Amino acid sequence: MAYWLFKSEPSTWSWEMQKKKGDEGEQWDGVRNYQARNNMREMKIGDLGFFYHSVKETSVVGIVEVCALAHPDSTTDDPRWECVDIRAVKDIPQPVTLAEIKANPKLSEMILVNNSRLSVQPVRSDEWAEICRMGGLDKAP
């Protein structure tokens, strides 16, 4: 299993909106960055990801699961752009802020710390476990 981080501005698509989509999930559309698109092409069904609120909140607030492999993004006719579908799995009991992530030496090499603009990014398993711990999850999903 691989781990990922999906960034969204809560005013555009929030964690609450994602949860309301239920088990069907929702496509992670609108991504227009080749590196982020290529990351989605690497995803497998069942991979997990952090749902990250960007801009004002800047914090990991939930965990999602990839529920559909990369497919054409329905928000454009341009065949270059693809997306996956994700569904909400669980809330992070104590949202983990970007400031807390940056202050943790165990996370100093995390892409979020070094390339905060990338909207879909991989997360190493040790980083995943540490953020889950910081967020109050006794056992990382």
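**Exercise 1.** Find the bridge partner of Gln27 in S5, and then describe how S2 and S5 pair.

*Solution.* In this predicted model, the residue of S5 that forms a bridge with Gln27 is Asp85. Strands here are DSSP runs of E with at least two residues, helices are runs of H or I with at least four residues, and both are numbered from the N terminus. Two strands count as paired if DSSP finds at least two bridges between them; S2 and strand S5 (residues 82-97) are joined by two bridges in the antiparallel sense.

**Exercise 2.** Determine the order of the strands in the open sheet, and name the edge strands.

*Solution.* The order of the six strands is S2-S5-S4-S3-S1-S6, with mixed pairing. At the edges lie strand S2 (26-27) and strand S6 (120-123), each of which pairs on one side only.

**Exercise 3.** Work out which strands helix H5 touches, and which of the residues of H5 are buried.

*Solution.* Helix H5 (residues 125-134) packs on the sheet, where contact (heavy atoms within 4.5 Å) is made with strand S1 (3-8), strand S3 (48-53), strand S4 (59-72), S5 and S6. Next, the buried residues (under 20% relative accessible area, with a 1.4 Å probe and protein chains only) are Glu127, Trp128, Glu130, Ile131, Cys132 and Met134. These buried residues of H5 pack against S1, S3, S4, S5, S6 and also helix H3 (98-103).

**Notes.** Residues are numbered from 1 along each chain as its sequence is written. Local features need pLDDT of at least 70 and side-chain atom pairs count only at pLDDT 80 or more, while totals for chains, interfaces and linings use all residues, and side-chain values use heavy atoms, leaving out hydrogens and water.

Methods:
Axes are lines fitted to C-alpha atoms, for helices over the stretch in contact, and angles run from 0 to 180 degrees between N-to-C directions. Buried means under 20% relative accessible area, exposed over 50%, partly exposed in between (1.4 Å probe, protein chains only).
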